[in-house]
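Reader: I'd like to learn how to read a few features of a protein model. Could you take me through them one at a time?

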Amino acid sequence: MLTILGLSFNTRNLGLAIVKSDRLVDYSSKLHKQKWTSVKMEMILTSLASCIDAYTIDKMALSIPYIRHQTSEFRDMMRAIIALAQMRNIEVITYTPQDLFLFIPDVKKKTSKVFMQHLVFLYPELVPWYEKETSNKNKYYYKMFEAIGVATLYSRKIGKWRS
């Protein structure tokens with residue numbers, strides 16, 4: 001049974017999800033309001049390291065923005081997360097926003113709302129977070145939904161490789 005850590009992040013918001021055997025084990029969204037510094041990056045990496053150890057992570061899936069939307073700070077953070085994974089022999093795969101829409105079955109208009117609705121269908125325990133996110137003026141939980149999406153995509157991809 002593989003345990004997959006899904007991450008969606010920027011320098012301010014971190015969405016995290018743990019998927020094991022196609023089951024959502026844990027998920028969260030964390031906001032880091034302070035200015036970007038090396039101390040902030042170390043704090044995030046330390047938190048991720050403890051999560052990796054606590055859940056015995058086998059694989060990691062990252063949701064990353066398109067290159068034109070990546071800041072140098074984001075790229076530094078991504079390199080540090082990948083290095084952390086490599087030090088622990090954890091395979092990393094990245095997904096773009098377009099990849100996340102692979103989740104959505106044949107629907108004409110693929111939007112972030114439809115994406116979240118599909119995840120809620122797969123994981124009914126997400127209903128309260130979906131309702132909060134759709135009523136929020138500022139999006140807070142979407143990174144968490146992205147993290148759940150990439151972890152689930154990766155989980156299902158691995159499942160297909162095994163059959």
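Author: Gladly; let's start with burial. Buried means under 20% relative accessible area, exposed over 50%, and partly exposed in between, using a 1.4 Å probe and protein chains only. Gln 70 has 11% relative accessibility, so this residue counts as buried. This is a predicted model, in which local features need pLDDT of at least 70, side-chain atom pairs count only at pLDDT 80 or more, and totals for chains, interfaces and linings use all residues. Residues are numbered from 1 along each chain as its sequence is written, and side-chain values use heavy atoms, leaving out hydrogens and water.

Reader: Where does Gln 70 lie?

Author: Helices (H or I, at least four residues) and strands (E, at least two) are DSSP runs, numbered from the N terminus. Gln 70 sits in the loop between strand S4 (59-63) and helix H2 (72-87).

Reader: Which residues does Gln 70 touch?

Author: Contact means heavy atoms within 4.5 Å. Not counting residues up to four places away in sequence, Gln 70 touches Ile 64, Pro 65, Arg 75 and Met 78.

Reader: Is Glu 146 buried or exposed?

Author: Glu 146 is buried, at a relative accessible area of 8%, and its place is in helix H6 (residues 142-162). Leaving aside neighbours within four places in sequence, Glu 146 contacts Ser 8, Ser 63, Leu 100 and Phe 115.

Reader: What is the average pLDDT of the protein?

Author: pLDDT is the predictor's confidence in each residue, from 0 to 100. The protein averages 88, and 95% of the residues score at least 70. Over residues 158-163, however, the pLDDT is below 50. Where pLDDT is low, the predicted coordinates should not be read in detail.
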